[in-house]
Amino acid sequence: MLTRTAVTFRNINNLAIPATISGIAEPVLSITDTAIVGNIPVDGLESLAAAGIVGSFLSMLIWVLGQTRSAISAIISQYLGAKRIKEVENLPAQAIFFNILLSFVILGSTIFIVEDIFKLFEASGKILDYCISYYSIRVWGFPLTLFTFAVFGIFRGLQNTFYPMVIALIGAGLNIVLDFILVYGIEDVIPAMYLEGAAWASLISQAVMAILVFFLLKSKTNISLKLRFPLNHELKRLIFMSLNLFVRALALNVALIVAVREATALGDRYIGAHTIAINLWLFAAFFIDGYGAAGNSMGGRLLGAKDYKGLWKLAKKIIVYGLMVSLVLMLIGFVFYYPLGRIFSNETIVLNTFYSIFFIVILGLPMNTLAFVFDGLFKGLGEMKYLRNVLLTATFLGFLPTLYIGKALGWGFYAIWIAFVVWMAIRGFALVFKFRRKFRPLLQKT
């Protein structure tokens, strides 16, 4: 049983810090692409817009199907806390096989309608052409990323965020090196591939991460990826948890995609500015989400051990630590307000548009912390149905009405980012309310 004294600063951060480093690897990949692509000497603005549009669409696919990671992590951590881990040793292989198979079905279906997909994002002309060429390469990394994320979920359930951190660092570092080599080229050795070079850099990095994580799982755990029958008795619960998270992720991506679509409709400089802003927003989100990952791992184990006092203590500590991190990020954001923008683009019109709304991104960080930290905790507790309902409410009764009311009032680009703040506020406060309502009575009984 996980004792109450296990919920300490040291134990939380042993999970949170590697998870933070691992979590920011994905936005680092996107930020690297954005910064390097935004400074391409030929059609830099169009390339930046295309990278932003394709990145948003691929993020949607990954987030929708990558939810199995959280379901695997929740079940494994709960069984670990209950000292019954052997009962679910064959579950991960069955879950991963199902998820990867589904990813190939979706991948195959998008190839034939890729032009129509990006037209929905208001892409046209040269931007549409770049979207298609960029996507046709990057999409093959989609199943690789899903596999990697699923194995990360296994490690997280086993209370190990160190190995995912190592893999993520290798992947991010390799991507950065390949970006410079393939985008700009090496004189007389490798020709400059510009936007397509960034796509190849991402794909190669994703392949390397998938191979490394497979060998780590095989050599460092007793979890086998060999498909074995009969089906595990927890597979049904995992599928329903994943389905709830699929719906939740769809609702989440409605907000992200509508934001991209509205920014694109405003003009090239707005989608360029939005691409920079959303990459920084995601970077901060994953940075804060390290404490959500700690809540995910430890929360599931504490629940399995029925240690409700430890669970309550965990919730209080991770939100305090998360808020401290968000305050540091806010300070960095305001101090480096203008230099941060110049990392991503040298287009004055794009930068001025970005600077006009960046303060909203920064001021919304504490609200993001509340949502992300409790989001991770609730995933570890297996509360996927409630997470689904919160996202549906926040998106369709919060984000979209705020965006379109703001648009009607003439707020323009501001409406998108004010809607994000409202969206996160609903998510955060709803989770805090539910946690207190459910676990305070259990706390008083122990």
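View 1. Helices here are DSSP runs of H or I with at least four residues, numbered from the N terminus, and the expected span is 1.5 Å times one less than the number of residues. Keep in mind that this is a predicted model, where local features need pLDDT of at least 70 and side-chain atom pairs count only at pLDDT 80 or more, while totals for chains, interfaces and linings use all residues. Residues are numbered from 1 along each chain as its sequence is written, and side-chain values use heavy atoms, leaving out hydrogens and water. Among the buried residues of α9 are Tyr163, Ile167, Gly171 and Leu178; buried means under 20% relative accessible area, exposed over 50%, and partly exposed in between (1.4 Å probe, protein chains only). Just past α9, Gly185 takes a positive phi of about 80°.

**View 2. Phe118 sits in the largest nonpolar core.** This core has 150 residues, and Phe118, Trp417, Trp423 and Phe435 have the most contacts inside it. Helix α12 (residues 268-304) gives the most to this core, with 17 residues. A nonpolar core is a set of buried Ala, Val, Leu, Ile, Met, Phe, Trp, Tyr and Cys residues joined through side-chain atoms within 4.5 Å. Leaving aside residues up to four places away in sequence, Phe118 touches Ile53, Val54, Phe57, Ala123, Leu128, Cys131 and Tyr135, where contact means heavy atoms within 4.5 Å.

**View 3. Glu115 and Lys119 pair up in a salt bridge.** Their side chains meet at 3.3 Å, N to O; a salt bridge is a side-chain nitrogen of Lys or Arg within 4 Å of a carboxyl oxygen of Asp or Glu. Because they are four residues apart in helix α6 (residues 114-119), about one helical turn separates Glu115 and Lys119. Glu115 counts as partly exposed at 37% relative accessibility, and Lys119 is partly exposed too, at 43%.

**View 4. Lys407 and Glu262 form a salt bridge.** The closest N and O atoms of Lys407 and Glu262 are 2.9 Å apart. The pair links distant parts of the chain, with Lys407 in helix α17 and Glu262 in helix α11 (residues 235-266), 145 residues apart. Lys407 is partly exposed, with a relative accessible area of 46%, whereas Glu262 is buried at 9%.

Methods
Helices (H or I, at least four residues) and strands (E, at least two) are DSSP runs, numbered from the N terminus.
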